[in-house]
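This briefing covers domains, salt bridges and a few individual residues. Keep the sequence and the structure open while reading.

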Amino acid sequence: MKAPRDLQRDVPLAPRTTLELGGPAELFLEARSLEALQAAMRWAEGEGHPVTFLGGGSNAIVPDEGVRGLVVAMATRGVEVTRKDADTVHVRAQAGEDWGAFVSRAVGEGWAGVECLAGIPGQVGSTPIQNVGAYGQDVSHTVVRVGCIDRLSGERVERSAEECAFRYRDSDFKRHPGRFVVTDVTFALREGGSPLLTYRELVERAPSAPSLEAVRALVVDLRRAKSMVLDPTDPNRRSAGSFFTNPIVDAEQAAAVAAIAARRELGPVPEWPAEGGVKLSAGWLIERAGFPKGSRRGPVGLSTKHALAVVHHGGGTTAELLAFGEAIAAAVRNEFGVTLEREPRLLGCD
Ligand code: EPU
């Protein structure tokens, strides 16, 4: 089979990720249409090349040795209304659309349901995979269908929200990596709906009866204060957001953590009820395990604004970043008996 026309070789991936780390893609292609994506996948399979998919690069870690085989950057664009009922509008966005721009568009149209997810870097197609969430909202609240290519058949299929089986920062896509490639996402948004105000930090700062735009802007300000928006002038900018998920533990383990905290006079342990147990704050555990905000180990460290973001200060390697992450996880395990799970994906490996 003939190689795709716009196939490139040995393409640096670091500039395509927010961490700015790691080696090149052996083969690289930007897929601008569903047909181009399917053709590239068929070609790679025929040639025996493994295929890795890259979205906005804001939740991806690239190994120092790079990624073997074909890396496909998802670059399909388009947002369309597919259905309108009394007060609900179904909006389908292609995987390569910028997430922040999609949120701004929704807010501008008066469509409620994603306003708390403003300022999150990345592309639409990645959001259902890890059920992106912030400030009390996550995409599972509004995703009704996810269009994907089933890699077993090579055909486009549509998966319902139920089939996606969303959980906190998790979905069937994440639990079965490699099976589906997300091509588009359909959201059911509430036309003329009110913004969601449940997260304490938002509730405390929001004016009374705020507009969708007021909440969107407030979320962006809050995220900016934590270095969680992409800002080329921010010294904490090279990160993948939260480096770990917040651990969900059972009641017994939560009590054990509380007992350790009491013994060490650490004050109340932040915790929230969660499906399957109690959600603890990874940032809180990290700080109390000996890694305060701004901790540094050579070219990598913790954000000075948020202990959950591991930051690359420039001139580092992915090996250094991962070793630092492992040291943090080991300290939290030793101190509190809690295991932290890495959140960003290691390309070509996870
Ligand atoms: N905390 C600390 N130290 C820190 C950070 C947090 O002690 O350095 C404690 C505080 O008690 C604070 C609590 O943790 O009140 C919650 O902190 P925050 O509101 O910043 O939220 P988070 O649980 O640390 C999660 C998401 C973020 C999302 C925020 C806001 C995960 C893994 N992270 O962080 O998502 O923006 O909530 O909703 O669930 C991301 O995934 O990349 C991300 C940025």
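Which residues does Gly57 touch, not counting residues up to four places away in sequence? With that exclusion, Gly57 touches Arg16, Thr17 and Thr18. The model is a predicted one. The chain is assigned three stretches: domain 1 (8–74), domain 2 (79–225) and domain 3 (239–346).

- Gly57 sits in the loop that runs between E3 and E4.
- Gly57 counts as buried because its relative accessibility is 5%, and buried means under 20%.
- Along the chain, Gly57 and Gln123 are 66 residues apart.

**Domain 1 against domain 3**

- The centres of domain 1 and domain 3, taken over C-alpha atoms, are separated by 30 Å.
- Contacts between these two domains involve 14 residues of domain 1 and 16 residues of domain 3.
- About 1200 Å² is buried between domain 1 and domain 3. Carbon and sulfur atoms give 54% of that area.
- Nine residue pairs are in polar contact between domain 1 and domain 3, counting pairs with both residues at pLDDT 80 or more.
- Which elements give two or more residues to the side of domain 1 that touches domain 3? They are strand E3 (51–54) and strand E4 (60–61).
- By class, that side of domain 1 is made up of seven nonpolar, five polar and two charged residues.
- How many salt bridges does the rule find across the interface of domain 1 and domain 3? The number is zero.

**Salt bridges**

- In total, the rule gives a count of 22 salt bridges.
- Glu30 is partly exposed at a relative accessible area of 23%, and Arg16 is partly exposed at 30%. Arg32 is exposed, with a value of 55%.
- Asp150 and Arg179 form another salt bridge, with the closest N and O atoms 2.8 Å apart. Asp150 is in strand E11 (residues 143–150), while Arg179 is in the loop between helix H4 (172–175) and strand E13 (180–191), so the pair ties together parts that are 29 residues apart in sequence.
- Is Asp150 buried or exposed? Asp150 counts as buried, at 9% relative accessibility.
- A network of salt bridges links Arg145, Arg156, Glu158 and Asp184.

**His90**

- His90 is placed in strand E7 (residues 88–94).
- The relative accessible area of His90 is 8%, so His90 is buried.
- Not counting residues up to four places away in sequence, His90 touches Glu80, Val81, Thr82, Arg83, Val144, Arg145, Thr186, Phe187 and Ala188.
- Arg145 is among these contacts of His90, and Arg145 also belongs to the salt-bridge network with Arg156, Glu158 and Asp184.

- Most residues other than glycine have a negative phi. Two residues with a positive value are described here.
- Glu20, which is not a glycine, has a positive phi of about 55°. Glu20 is found in the loop between E1 and E2, and its relative accessible area of 38% makes it partly exposed.
- Asn131 has a positive phi near 45° and is likewise a residue other than glycine. Asn131 lies in the loop between strand E8 (111–112) and strand E9 (133–134).
- Is Asn131 buried or exposed? Asn131 is buried, with a relative accessible area of 2%.

Note on methods
Residues are numbered from 1 along each chain as its sequence is written. This is a predicted model: local features need pLDDT of at least 70, side-chain atom pairs count only at pLDDT 80 or more; totals for chains, interfaces and linings use all residues. Side-chain values use heavy atoms; hydrogens and water are left out. Domain bounds come from an automatic or database domain assignment. Contact means heavy atoms within 4.5 Å. Buried area is the accessible area (1.4 Å probe) that two parts lose on being put together, summed over both. A salt bridge is a side-chain nitrogen of Lys or Arg within 4 Å of a carboxyl oxygen of Asp or Glu. A polar contact is a pair of N or O atoms within 3.5 Å; within protein, one must be able to donate a hydrogen and the other to accept it, and residues adjacent in sequence count only if both atoms are side-chain atoms. Helices (H or I, at least four residues) and strands (E, at least two) are DSSP runs, numbered from the N terminus. Ala, Val, Leu, Ile, Met, Phe, Trp, Tyr, Cys and Pro count as nonpolar, Asp, Glu, Lys and Arg as charged, and the others, Gly among them, as polar. Buried means under 20% relative accessible area, exposed over 50%, partly exposed in between (1.4 Å probe, protein chains only).
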